[in-house]
Amino acid sequence: MSLNLLLQNIANGFSLGSLYALIAIGYTMVYGILRLINFAHGEIFMLAPYFLYFGFLMFHLPWWLSVLVAIILTALTGMLTERVAYRPLRDAPRISALISAIGVSFFLQNLAIVLFSGVPKSVHRPEFFRTLFQFGEIRIQSTLIASVIISALFLSILLYIIYKTKTGLAMRAISTDIETSRLMAIDVNKTISITFIIGSALAAIGGILWALRFPQIVPTMGLIPGLKAFIAAVVGGIGNISGAMLGGFILGMAEILFVAFFPELSGYRDAFIFLILILILLFKPDGILGKNVQEKV
Amino acid sequence: MELLNMDNVTMKFGGLTAVNNFRIKINTGELIGLIGPNGAGKTTVFNMITGIYKPTVNKIYFQGQDITEVKPDKIAKVGIARTFQNMRLMNNLKVIDNVMIGFHLHLKSNLLSAILKLPGYTKEEEEIYNNSMELLKKVDLEKYENEKAGGLPYGQQRKLEIIRALATKPKLLLLDEPAAGMNPQETRELMDFIQQIQDEFELTVFLIEHDMKVVMGICKRILVMDYGVIIAEGKPKEIQDNPEVIKAYLGVDSDYA
Amino acid sequence: MKKQHEKYLTIISIIILGIVVYLAQNYLDAYKLRILNLGAIYVTLGVSLNLIYGFTGQFSLGHAGFMAIGAYTTALLVLPPYYKEIIFIIEPLVWPFTVLHTPFIFALLCSGFFAAIAALLIGLPVLRLKGDYLGIATLGFAEIIRIIANNIPQITNGALGIKGIPEFTNLWWSVGVALFTIYIIKGLIQSSYGRALMAIRDNEIAAEVIGVNLTYHKVMSFTIGAFFAGVAGGLFACLLTTIDPKAFMFVMTFNILIVVVLGGFGSITGTVIAAFLFNFFLEYLRPVEDGLDLGIFSIPKIPGLRMVTFSALLLIIILYKQKGLLGGVEFSWQGLFQFFNRFFNKKSSEGSAK
């Protein structure tokens, strides 16, 4: 493979990786706090481009405003799912919450099919996002650069929140011990809601960036990327935010390079990712950056 | 005859040494006590014997065999049974089932004959049921036969856990704070019960306890642990007067000070 | 109640069931028969998943994968060679499938067998995992199976799938398999091994210390569950007459999960009822999706409404009735007897209290 092609692939891998990273953060934050795999997170990711579509095309809002509205609506939806489907099950066995999450995922997906129909819709791409930057022989879409910069930006903001604010401290406390956190007068419900809002907002940004790259949106678009983002979170260390970012980039890169080096196996690209998941779970279940927590006997 | 031999075992979790150079030889028929403040590493010792943890250094022998790396289910087969400090019953199963499960490891019938209810299996199943009822009768729990184990009062649950351990037909019984949460009356009954089953089932008992009355009353030999090491060993009277022990145990009942 | 009497009651009910099946098979239209067949197949699927999850506590989301293995195995064995030559247009079918042509029962057994082998291979490493991790690992496995099916046209005809499978599945087969599944799994559950499985579910660490070999029992339960899922897959193939990788996406496992949740974990009776209820309502709601024309106004065609309803239903049940519709109660002749006793005694005492 020529150097240019390799660099092109690496750039693509970075770009895809940054999208996975944005989504993965939501999974890892929720898992860290609630020990719940939020299956519905992929659907949250899917809803953002739809909100954008309707905001822009139906209500004729200026594009940037549509984006903002879409992010806010998506974040609210995320918060709502927690309120309705997870909070009542907080003291129930974890499997119940997991099944509830799967239920919400299918509910949202099928609701989207009912409301928006399964026919692909085209999201409007402003001029800026259609430009191509040329570096020698390599063509890089502006969306690529945008996604890397934006995810880096938001990760920094997020890390600041987690480690330098009281809310972040509350989040870390709850992820260590929810019962004691309640006793320490931490408003657990509020903190969990904030966690869902932040995670969903990031997924929304990821969803919009994704739609800018692949402008045809369908209600089922959240399923596979959602699953892969979750796998990214596991690879990096579930519960660990830096891990989610790292995992996202690793997975995005792995996926692109797999197809680049083995084009005849491209049909197996998703299977490759699932294989990585199974191997990580078997050999390093705490992920690259995760920590080992043993059950007391 | 030597039954259990822990040969200077050490247990490290990463940088933390939970148990350091623990050694003990228990002979058949003995009733040994292990006491010490919370966090001294007593349960860790039990966990090492039963295969839940693998000692970082050195070995454990049972009836001359090296059981250091043997997994918990094989440990039970070899003849060591235990109860848990924080109690681990199968709460959703009936009381009788909790006991019957103890007999499973000695089951001779294979899977197929069990599924098809062949005569060889049904006979074994009946035996298991009868033996389990016998055990329940010993602790006056037979009337709770079909109750869910989780619904039993605390004291009864503790007794059930001991019965379950007995069902595995052990030679060595490890009891981890069996009297926890019991009032003096119940504790006395428990003491009698332990000595009774020791005679009846020809058991050797290794007992972790906080309650001094229990330990001093029935144990012939006592080990004292603190911060992962043995700080004293000997007969109850010797232990009582040992200044190291008194120092470690600030909360010791003044009767024994 | 006397064991002997219970045996008689069971035999009588099976005979009655046989008569019902005979009447249904010969007098109902194809539409209704299809729903009943699906119901029975879902009983097998639900009970086998219940074994793995409801009774042994292993959260496996890979059932669709085992079904897929079973479905393709049966399809390939049951189709005549000349026909296979025709439909494999992407790439020619490989030997030995080109020459194999076996009776239905043998194909079903092979389906179960191969699904069980897969379960053994994947189960040994993966069943060490707990809870959610096991769930996604098995989900990953099922997806891998599906993706492989999509990418090996020389065995599966790839994305085109296999069409024209002979319609061997009738009520006798589906109900028969369901009964057999219940018989075996109930037999397992009501034995010492079953107690061991439930002990693992309730408290794995204690179970191990009590002498239960975790690996053996978990893998055994997983493999047996997979076997029946594979057989069900074979029945499925010969009912729908066409299969392709898309039929075995996660939605399929989710459907089976709905049935198990509805019926209640650890309740075989519940699963049986839920399996039929699920399929009835799935069909019942179809007109809603196709749109209703009431003359004055019409409700437009809304595809996907069924799944929305079912997801909502699942959520409601999980949120409010976690033990399923039956609350974990299991059917027994004894229980039925007592139920009627109480019912009639209550009535007569109310009467005499006047």
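Mentor: Start with strands. Helices (H or I, at least four residues) and strands (E, at least two) are DSSP runs, numbered from the N terminus. Two strands pair if DSSP finds at least two bridges between them. The model is predicted: local features need pLDDT of at least 70, side-chain atom pairs count only at pLDDT 80 or more, and totals for chains, interfaces and linings use all residues. Residues are numbered from 1 along each chain as its sequence is written, while chains are lettered from A and ligands numbered from 1 in the order in which they are written.

Trainee: Which order do the strands take in the open sheet of 4 strands in chain B?

Mentor: The order is β2-β1-β4-β5, with antiparallel pairing. At the edges are β2 (16–27) and β5 (65–66) of chain B, each pairing on one side only. Look at β5(B): 2 bridges join it to β4 (residues 57–62) of chain B in the antiparallel sense. Y61(B) has D66(B) as its bridge partner there.

Trainee: What lies across β1, β2 and β4 of chain B?

Mentor: Angles run from 0 to 180 degrees between N-to-C directions, and axes are lines fitted to C-alpha atoms, for helices over the stretch in contact. Contact is a distance test: two residues are in contact if their C-beta atoms, placed from the backbone, lie within 7 Å. Here helix α1 (residues 42–49) of chain B lies across the three strands and runs at about 65° to β2(B).

Trainee: How many residues of β7(B) are buried?

Mentor: Count neighbours. A residue is buried if 20 or more other C-beta atoms lie within 10 Å of its own, exposed if 12 or fewer, and partly exposed in between. In β7 (residues 172–176) of chain B, 5 of 5 residues are buried. L172(B), L174(B) and D176(B) point one way, while L173(B) and L175(B) point the other way.

Trainee: Which strands pair with β7(B)?

Mentor: β6 (residues 80–82) of chain B pairs with β7(B) in the parallel sense over 3 bridges. There, R82(B) is the bridge partner of L174(B). β8 (residues 204–208) of chain B also runs parallel to β7(B), joined by 5 bridges. L173(B) has V205(B) as its bridge partner in β8(B).

Trainee: How are two packed helices described?

Mentor: By the angle between their axes and the distance between the axes. Take α3 (residues 63–78) and α5 (residues 104–126) of chain C: their axes come within 8 Å and cross at roughly 145°. Among the residues making the contact are F66(C) and I69(C) of α3(C), with F104(C) and A107(C) of α5(C).

Trainee: Why is G206(A) called buried?

Mentor: G206(A) is buried because 29 other C-beta atoms lie within 10 Å. G206(A) sits in helix α8 (residues 188–213) of chain A. Leaving aside neighbours within four places in sequence, G206(A) is in contact with L19(A), L22(A), I23(A) and F45(A). Its C-alpha atom is separated by 7.9 Å from that of S147(A), 59 residues apart along the chain.
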